Amino acid sequence: MCSDAVQTNALHQDKDGIAIGVIGPAEIIRLIRDALKAFPSFIPVFREYENESEVPQKTKDIIDHVEVLLFSDYPAYKHATEAMQLKIPAHYIPLMGTGLYRSIYRIKNCYDLKSLSVDSLTEQYVQQILKELGESVTALHFYGHSIQLSTDEVIAFHKENYENEKCSVCLTGIKTVAEGLTRLGIPNEWVLPTRQDIIVSLERALLSTETRRNKESQIVVGIIHIDEYRKLMDQSTSQHEAQTLKLEIYRILLDYVKQLDGHLIQLDGEEFLFFTTRGVFERETRGYKFIPLLNDTQKLLGHSLSIGIGFGRTATDAGMHARMALRQSKDTGGNVCFIVREDRSVIGPVEMTDPMIYELSVTDNHLLEKAKKAGMSATYMSRLMAQVTRYGKIDYTPQELASVLGITVRSTHRILVQWMDAGLVEIVGEEKFSHRGRPRQIYRFTFMDEQRNRKHKDKYNFEDR
């Protein structure tokens, strides 16, 4: 266990992230962890509890070290606000989204939906959902007392309804109530939020933070590179066609930058520079998830772009980071966008999936030099780091690695020998089959394991105390 001072330093060493305290039962914490992959600005500090009575202490443990709080549900939020005055923004995931639709669907398929005993939800909202679903429920019994009453009283309410045949199943938003009913053998459904419910709550939490408000007007620098520009121009049959193509490219880019409320400058034939603000850029990219310009250019021109986006405390830093990000995009093969943040961590490639984040320092310092000597290009490094970040996997067979790197298995075997000689990988076992055949060796990227463990220890030292 480390001291509070050390924990605080570990938590805030990434000054460009927003520390968010997440408090809830383990089942919901797992769902929130997954949804947080779409919010690279957040540095989460998790606190799990078994019983709602633990919430006030869990909140006190982290309130001085985070900028915003997110509770798993209203009861947890209520316990915290009644025990103390929260001096930072606090939010909870309401049971008024797609999670309730899912629970009613499950009840209909597993139980009798004709009579329900309900807590934590308003009668008006439940009635509205049932009406929208076209479901007819003959009896609805709602626990309308204050949430301050004990869990035992809520369980007793449901038990009485069930034993007196007033309900066939109980609908609850409280974990301990669901567990108590299950122990009594009473059919129940615990309403859990869906990923969409959680994302909406995280977006509200993000917008309420002072850091986020301050970053709304931060300058963002972007560099757009036309991939294989010379080849594109050479394909033109006349000077007129080449000039028309240039104007079309400029028009497409100008239209996109206009959507960003930005300013576009042409550096040369193949590169363009644009400026916008971080708030607009985050909204237009749906939180760094989607760059429509990439698809639009491919469809209209049949040609790809490489884009680098830079954040920084100054315009100089943002421009330098944009150039670094563009280099990442080119090394990855083009037709992608990477973002380099203030702390030089990288988000990318930006697409319609959860963004992958890894440390740029891994790819541009002494480790990269060592890797280059062993034949590991920046492209390979980027793909490997993104794979490790997303899946946490550092052990690969040659066949798996070939798929990740986009090369043949024969080429993979050849470069693995070089990487082993350089001490970057080691053989840790064999993949055995029930049928005949030569076992596949399993290789571990030891340098990534060390780097990942070091980053994990530094970042979550406070969380795992």
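How many salt bridges does the count come to? The answer is 16 salt bridges, and please keep in mind that this is a predicted model.

Start with Glu-27 and Lys-175, whose side chains form a salt bridge with an N to O distance of 3.4 Å. This pair links distant parts of the chain, since Glu-27 sits in helix H2 (residues 26-35) and Lys-175 in helix H8 (residues 175-183), 148 residues apart. Lys-175 has a relative accessible area of 4%, and because the cut-off for buried is under 20%, Lys-175 is buried.

The next two pairs are local. Glu-82 and Lys-78 meet through their side chains in a salt bridge, 3.8 Å from N to O. Both belong to helix H4 (residues 74-83), and because they are four residues apart, about one helical turn separates them. In general, an α-helix has 3.6 residues a turn, so residues three or four places apart point the same way. Glu-82 is partly exposed at 40% relative accessibility, and Lys-78 is partly exposed with a relative accessible area of 24%.

Elsewhere, salt bridges with shared partners join Glu-27, Glu-50, Lys-175 and Glu-179 into one network.

Now the helix. H7 covers residues 151-163, which is 13 residues, and from first C-alpha to last it reaches 18 Å, close to the 18 Å expected at 1.5 Å a residue. Which residues of H7 are buried? They are Val-154, Ile-155, Phe-157, His-158 and Asn-161. Because these residues cover an arc of only 155 degrees around the axis, they lie on the same side of H7. On the other side, Asp-152 and Glu-163 are exposed.

What covers the buried residues of H7? The cover includes strand E5 (115-118), strand E6 (139-142), strand E7 (169-172) and H8. H8 is also the helix that holds Lys-175 from the opening pair. After H7 comes Glu-165, which has a positive phi, near 60 degrees.

That is what I have; questions are welcome.

How values were computed. Residues are numbered from 1 along each chain as its sequence is written. This is a predicted model: local features need pLDDT of at least 70, side-chain atom pairs count only at pLDDT 80 or more; totals for chains, interfaces and linings use all residues. Side-chain values use heavy atoms; hydrogens and water are left out. A salt bridge is a side-chain nitrogen of Lys or Arg within 4 Å of a carboxyl oxygen of Asp or Glu. Helices (H or I, at least four residues) and strands (E, at least two) are DSSP runs, numbered from the N terminus. Buried means under 20% relative accessible area, exposed over 50%, partly exposed in between (1.4 Å probe, protein chains only). The expected span of a helix is 1.5 Å times one less than its number of residues. The arc is that of the directions from the helix axis to the C-beta atoms. Contact means heavy atoms within 4.5 Å.
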